Amino acid sequence: MDPALLREHEAFKKRAALQPSVEKKKREPEKESVKDEAPKKKSKPSSVSSGPRLNIHTYKSMTGSSQVRFGILTKIVQHMKARHQEEEDHPLTLEEILDETNQLDISARDKQWLQMESLPQNPKIEVVDGLKYRFKAVYNIKDKKGLLRLLKKHDLKGWGGIMLEDIQESLPNSEKHLKHAASELLYITRAQDKKKVVFFNDRTAQFPVDEEFQKLWRAVAVDAMDDAKIDEYLEKQGIRSMQDHGIKKSLPIKRKKPNKRKQLKRPRDNEHLADVLETYDENK
């Protein structure tokens with residue numbers, strides 16, 4: 001063998017021994033496969049979910065916005081009611097209402113909601129000319145005379161009394177007017193809710209009643225009986241109950257129209273042609 005080649009071979013070995021060598025691990029391809037599988041496992045829950053998830057923060061903001069709107073509307077209704085009870089009944093625009101209630105900083109969306117939905121649909125607010133708003137009371141009464149006129153109407157029509165809270169809401173300065181009309185009013189407290197009902201004190205209906213009759217009247221308990229049972233009880237005792245409470249209206253009498261019989265038209269003879277007509281016998 002050539003000695004020069006042997007020397008080069010030995011020199012190559014020495015250089016190779018001096019250089020550091022890095023060994024590749026056998027598990028590197030396995031790690032790469034694991035890295036590829038990891039994102040696939042994470043993507044599984046998204047494929048299983050069939051719809052958008054409910055965001056808790058959005059839900060809280062939605063309920064908060066509805067509470068804010070309810071607070072704005074409540075403040076407006078209470079302010080309009082207070083104005084009505086202070087005899088300030090001229091209508092206001094939405095901007096004027098927000099100015100008087102110190103709510104000019106609300107959003108444009110809330111203003112649109114008030115103007116398009118909330119205020120027109122509120123039973124306590126009346127829309128005037130499509131742009132202005134006024135408090136809508138239960139009854140349209142302004143003073144003592146209007147209150148007594150309304151109570152008399154209810155008494156004559158048999159509609160009963162009026163709730164005291166409705167009068168206090170509808171009548172401006174109600175306490176003053178109720179105090180002046182105290183002699184012409186009757187107050188009855190309802191047993192079920194302890195609310196007061198106001199009636200007109202009709203003095204013409206006052207008449208003396210014997211005490212024995214009053215005792216008998218109060219001794220009869222009719223709380224759990226309806227009108228049909230009361231009528232049945234009175235009939236058993238030989239007492240006829242009054243059936244018709246109103247005035248009987250006489251119905252107009254229907255008169256029978258005479259039957260017009262159709263006369264059959266008989267054929268008329270040709271009397272004016274008597275001298276012209278001739279008879280033809282078969283024998284001729």
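Tutor: Before we start, buried means under 20% relative accessible area, exposed means over 50%, and partly exposed is anything in between. Keep in mind that we're looking at a predicted model.

Student: Okay, is Ser174 buried or exposed?
Tutor: Ser174 is found in helix H9, which covers residues 174–180. Its relative accessible area is 8%. The cut-off for buried is under 20%, so Ser174 counts as buried.

Student: Leaving aside neighbours within four places in sequence, which residues is Ser174 in contact with?
Tutor: Ser174 belongs to helix H9. Once the neighbours within four places are set aside, the contacts of Ser174 are Ile167 and Gln168.

Student: Let's move to the sheet. In what order do its strands come?
Tutor: The sheet is open, has 3 strands and pairs in the antiparallel sense. Strands E1 (92–93) and E2 (125–128) are the edge strands, each pairing on one side only. That leaves E3 between them, so the order is E1-E3-E2.

Student: How many bridges join E2 to E3?
Tutor: These two run antiparallel and form a hairpin with 3 residues between them. The number of bridges joining E2 to E3 is 4.

Student: Which residue in the hairpin turn has a positive phi?
Tutor: Look at the 3 residues between E2 and E3. The positive phi is about 60 degrees, and it belongs to Asp129.

Student: How many salt bridges are found in the whole structure?
Tutor: Side chains of opposite charge can pair when their charged atoms come close. Some salt bridges here share partners, joining Arg83, Glu88 and Glu100 into one network. A search of the whole structure gives a total of 10.

Student: How many residues apart in sequence are the parts tied together by Asp110 and Arg69?
Tutor: Their closest N and O atoms are 2.9 Å apart, in a salt bridge. Asp110 lies in helix H6 (residues 108–121) and Arg69 in helix H4 (residues 56–85), so the pair ties together parts separated in sequence by 41 residues.

Student: Is Asp110 buried or exposed?
Tutor: Its salt-bridge partner Arg69 is partly exposed at 22%. Asp110 has a relative accessible area of 13%. That falls under the 20% cut-off, so Asp110 is buried.

Student: One more: which helix holds the salt-bridge partner of Lys111?
Tutor: Lys111 meets Glu95 in a salt bridge at 3.7 Å, N to O. Both are partly exposed, Lys111 at 22% and Glu95 at 44%. Lys111 itself lies in helix H6, while Glu95 lies in helix H5.

Note on methods. Residues numbered from 1 in each chain as written. Predicted model: local features only at pLDDT ≥ 70, side-chain atom pairs only at ≥ 80, totals over all residues. Heavy atoms only, no water. Buried < 20%, exposed > 50% of the residue type's maximum accessible area, 1.4 Å probe, protein only. Contact = heavy atoms within 4.5 Å. Salt bridge = Lys/Arg side-chain N within 4 Å of Asp/Glu carboxyl O.
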